[in-house]
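Hi everyone, thanks for coming.

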Amino acid sequence: MEWITNFWVTFGDWVAGVLAGWGLPPSGVDLVADIVGVIILLLLGVTAVIVFTPMERKVIARMQDRPGPNRVPLYGTIIAFADAIKMLTKEDIVPTRADKLLHVLGPILVVIPAVLVFAVLPFGPRLVGQQLNVGILYVVAIAGMHVIAIVVAAWGSNNKFALISGFRVVNQLLAYEVPLILSILAVVLLTGTMNLVEIVERQVVPFAVVMPVAALVYTIGGLAEANRSPVDLIEADSEMVAGYLVEYSGMKFAMFFIAEYVTMFAVGIVASTLFLGGWKFFGLEDLLPVLRPVIVFAKAAFIIFLMLWFRATFPRLRFDQLIEFAWKFLVPISLVNLLVVAVVVKIPLADPVTEPYIRAAILFVLNVVMIAVAFLMVRRAAITSPRAPALKRIAAVEK
Amino acid sequence: MEITVQHVVFIILSAVALVGAIGVVALRNLFRAALALVLSFVGVAGLYVLLEAELLAMVQILVYVGAISILIIFAIMLTRNLMDPEYKAANEQWLGGLLAAAALFGILVFILLQVSWPVQVTDMPPGAIEALGQGLVSPNFYLLPFEVASVLLLVALVGAVIIAREL
């Protein structure tokens with residue numbers, strides 16, 4: 001039974017053995033293994049789109065009390081294929097006065113960083129594309145590159161709505177990247193490593209429990225990074241007809257959506273790695289190591305479900321509210337969080353067995369205090385704000 | 001001299017960086033020039049990867065590609081008449097610019113030819129990133145310059161806020 005519980009490692013060793021049996025030198029075996037790994041990682045995110053498109057439409061339909069896609073077979077779950085055929089058969093339009101090179105380059109550039117991120121995401125202690133020492137820094141750096149892709153698309157379209165969304169993307173993504181990186185930094189500070197595999201291995205208690213502040217800030221930042229409602233002011237179809245997407249049709253349009261879903265998936269996997277314990281699930285991962293990638297995917301799917309839930313629940317923010325929320329709420333609270341983690345890490349604890357648990361308990365209590373103080377301050381600001389009387393009048397009228 | 005895979009990769013990455021750099025100065029369209037700058041930065045980041053300086057490569061992408069290029073592109077997008085084909089790529093200071101660039105090029109070539117670059121065939125020592133991190137915050141090494149640079153950035157930040165503030 002050993003071979004089935006440890007399927008991935010056995011399978012990999014078996015394939016390597018077969019290749020070596022064919023007379024390939026060890027370097028050749030490594031090369032084939034690398035190429036296969038690269039292809040799997042490349043296709044992983046893109047394949048996930050087939051799962052997440054119907055999931056999004058079904059989940060949101062359910063929350064809005066309607067059936068959702070139900071005309072294609074299998075209860076509408078293969079709607080992604082119908083979408084793909086529709087997108088591929090549409091006319092491909094390039095505006096006459098657009099910057100043609102940049103217009104075509106935009107959709108290509110936007111997919112590259114989204115897919116590249118998968119190179120370091122861990123699905124098990126050995127199931128990882130490349131164990132980089134600077135893994136999480138790589139994720140942040142590569143993910144930040146898609147800002148350029150969107151700006152290229154926005155500029156290349158030569159359309160005023162697209163250009164406005166180009167301004168917005170720089171403004172929004174830079175504003176949300178700061179709290180995102182600060183919350184990741186809190187995890188790095190606590191574990192003392194940027195290697196994603198080691199971060200998972202050092203999570204005795206999932207960090208979402210230990211430091212809910214960082215987890216929440218990361219989720220909101222990731223939402224903005226993946227450009228999801230309610231923080232999707234970049235496309236905001238009701239204000240500026242989908243922004244940078246306005247001049248795109250057919251498969252080029254679909255590329256942006258593929259990139260969006262792949263980014264969502266990557267954000268889900270990174271969030272589950274940093275805050276939900278990665279491939280760990282109450283000892284199940286040691287009982288059945290074959291399930292480790294499944295556990296990661298399940299956790300990522302849970303994060304994506306949360307994102308869909310947000311989209312169905314919250315109205316879209318106004319742009320100034322969005323930016324203010326990032327700079328005046330998320331950045332200060334993540335800075336305070338970083339300070340708290342830095343102090344807690346330096347508390348001298350002698351016993352190496354109980355030490356992580358005690359530290360986790362202290363952090364948890366401090367996090368609860370932080371959340372309480374933050375909400376009290378927001379409440380105070382709401383009461384003392386100059387707009388408070390007007391809000392009260394509106395509330396009275398609505399009653 | 002034996003040609004290895006690393007040589008080929010080095011040539012490709014250098015070509016990417018150089019083509020990008022030439023594009024920055026040669027392209028008429030300023031927006032495209034900024035994108036060529038991004039290409040050049042990515043090529044340099046690739047060279048860092050080739051030298052096994054992972055941290056530097058990532059910082060190069062994070063700071064130069066992710067932040068500085070975006071800032072430049074943002075400034076270009078806020079400037080008027082840039083899509084105008086009549087727009088001149090050079091202004092009346094081109095002669096001064098040419099002299100300064102030529103002087104810098106001359107100095108760089110001079111240094112390149114004069115200094116005997118020590119070459120050491122060795123692997124990257126393990127824990128180099130940790131050593132770098134320790135070095136930046138250790139009082140015996142670079143704590144003071146590091147903190148002074150931080151204060152300088154903070155001063156610039158506060159100054160920008162004060163200048164931009166509505167009075």
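**A walk through chain A**

Before going on, some housekeeping. This is a predicted model, where local features need pLDDT of at least 70 and side-chain atom pairs count only at pLDDT 80 or more, while totals for chains, interfaces and linings use all residues. Residues are numbered from 1 along each chain as its sequence is written, and chains are lettered from A and ligands numbered from 1 in the order in which they are written.

Okay, the overall picture. Chain A comes to 18 helices and zero strands; those are DSSP runs, numbered from the N terminus, with helices being H or I of at least four residues and strands E of at least two. The C-alpha trace of chain A spans about 75 × 65 × 40 Å along its principal axes. Of its 399 residues, 41% count as buried. Buried here means 20 or more other C-beta atoms within 10 Å of a residue's own, exposed means 12 or fewer, and partly exposed is in between, with C-beta atoms placed from the backbone.

Back to H11(A), residues 212-225. Its 14 residues should span 20 Å at 1.5 Å a residue, and the end C-alpha atoms are 19 Å apart, which agrees. The expected span, by the way, is 1.5 Å times one less than the number of residues. Twelve of the 14 are buried, so H11(A) is largely enclosed by the rest of the structure. Among them are A:Val213, A:Tyr218 and A:Glu225.

Who meets A:Val213? Leaving aside neighbours within four places in sequence, A:Ile371 is in contact with A:Pro212 and A:Val213, where contact means C-beta atoms, placed from the backbone, within 7 Å. A:Ile371 and A:Val213 are 158 residues apart in sequence, yet 7.1 Å apart in space, C-alpha to C-alpha. A:Ile371 itself is partly exposed, because it has 14 other C-beta atoms within 10 Å.

Now, H5(A), residues 100-116. This helix has 17 residues and reaches 25 Å, close to the 24 Å expected. There is a kink of about 30 degrees at A:Gly106, shortly before A:Pro107; the bend is the angle between axes fitted to the seven residues ending there and the seven starting there. Both A:Gly106 and A:Pro107 are among the buried residues of H5(A). And what do the buried residues of H5(A) pack against? They pack against helices H3, H6, H7 and H13 of chain A.

Beyond its neighbours within four places in sequence, A:Val262 is in contact with residues including A:Gly45, A:Ala114 and A:Val115.

Last stop, chain B. The contact takes 16 residues from chain B and 18 from chain A. On chain B's side, H3(B) gives the most, with twelve residues.

Notes:
Contact = placed C-beta atoms within 7 Å.
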